[in-house]
Amino acid sequence: MTTAARHPRLRTTEETMSWVLDPLTEIPHVRHAVVLTTDGLIEGRSADLPRADAEGASAMLASIMSASRGLLGAYEGSAGASPVRQVVIEGHDGYAFLTSAGENTVISVYADIDVDLGVVAHEVQVQVKKLRRAMDSPPRETGAAGTGVPGRAAGTGVTGTGAADTVS
């Protein structure tokens, strides 16, 4: 018997927020989109982006957002990290957009070089405003007090610290 047959209602993290990306993936020249937590956990991905690629991208995207917060803090002369609203990376063949989408949540869109940057930026903000409450992710805690289980965030049912996270 397969895992899906034994647990027909078992949901993976990718099922919870992928619907947020549908309007973004309909924009001409947009190839992929990901919703992730600031620590790199995938909350959603576009249908044509393989899970392994999404996991790798999410880890890098989380690092970019973290480095951006530190960079802004250094430029602003503050000891701590500064909030980041958006990062745009221009490559030879396309753009990667990273946008803060609520507390501890990021939306990233990858698009061909021919995309209309203004349309992508606008549509991401529309989605963020419409769905901010749905996209807010509480910070994950490792070995939270009262759980008795290292790596389990209190009250979440989520264990682990990375791409191999499981839902109990």
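What covers the buried residues of H4? I started my notebook with that. I am working from a predicted model.

**Entry: helix H4**

I looked up the helix first. H4 runs over residues 51–76 and has 26 residues. At 1.5 Å a residue, H4 should span 38 Å. I checked its end C-alpha atoms and found them 37 Å apart, which agrees.

Next I asked which residues of H4 are buried. My list has Ala-54, Ser-58, Leu-61, Ala-62, Met-65, Ser-68 and Gly-73. Then I turned to the cover. It includes strand S1 (30–37) and strand S2 (42–45). It also includes strand S3 (86–90), strand S4 (94–100) and strand S5 (105–112). That answers my opening question.

I also looked at what follows the helix. Gly-77 comes after H4, and its phi is positive, near 75°.

**Entry: the hairpins**

I took S1 and S2 next. The two strands run antiparallel, and 3 bridges join them. The hairpin of S1 and S2 has 4 residues between the strands. Gly-40 in that hairpin takes a positive phi near 95°.

Then I moved to S3 and S4. How do they run, and how many bridges join them? I found 5 bridges and an antiparallel run. Val-87 has Leu-98 in S4 as its bridge partner. The hairpin that joins S3 to S4 passes through 3 residues.

I wanted residues other than glycine with a positive phi. His-29 is one of them, with phi near 80°. Where is His-29 found? I placed it in the loop between helix H3 (22–25) and S1. I then checked its accessibility. His-29 has a relative accessible area of 36%, so it is partly exposed; the buried class stops under 20% and the exposed class starts over 50%.

I located Asn-104 in the loop between S4 and S5.

**Entry: aromatic pairs**

I searched the whole structure for aromatic pairs and got 1. Tyr-95 and Phe-97 form it. Their ring centres are 6.1 Å apart, with 40° between the planes. I wrote the pair down as tilted. Are these two residues buried or exposed? Tyr-95 is buried, and Phe-97 is buried as well.

**Entry: salt bridges**

How many salt bridges does a search of the whole structure find? I got 2.

I opened Arg-31 and Asp-112. Their side chains meet in a salt bridge, 2.5 Å from N to O. This pair links distant parts of the chain, since Arg-31 is in strand S1 and Asp-112 is in strand S5, 81 residues apart.

I then looked at Glu-55 and Arg-51. They form a salt bridge, and the closest N and O atoms are 2.9 Å apart. What separates the two along helix H4? They are 4 residues apart, which means about one helical turn. I noted 25% relative accessibility for Glu-55, so it counts as partly exposed. Arg-51 has a relative accessible area of 24% and is partly exposed.

Conventions: Residues are numbered from 1 along each chain as its sequence is written. This is a predicted model: local features need pLDDT of at least 70, side-chain atom pairs count only at pLDDT 80 or more; totals for chains, interfaces and linings use all residues. Side-chain values use heavy atoms; hydrogens and water are left out. The expected span of a helix is 1.5 Å times one less than its number of residues. Buried means under 20% relative accessible area, exposed over 50%, partly exposed in between (1.4 Å probe, protein chains only). Contact means heavy atoms within 4.5 Å. Two strands pair if DSSP finds at least two bridges between them. Rings of Phe, Tyr and Trp (its six-membered ring) pair if their centres lie within 6.5 Å; planes under 30 degrees apart count as stacked, over 60 as edge-to-face and the rest as tilted. A salt bridge is a side-chain nitrogen of Lys or Arg within 4 Å of a carboxyl oxygen of Asp or Glu.
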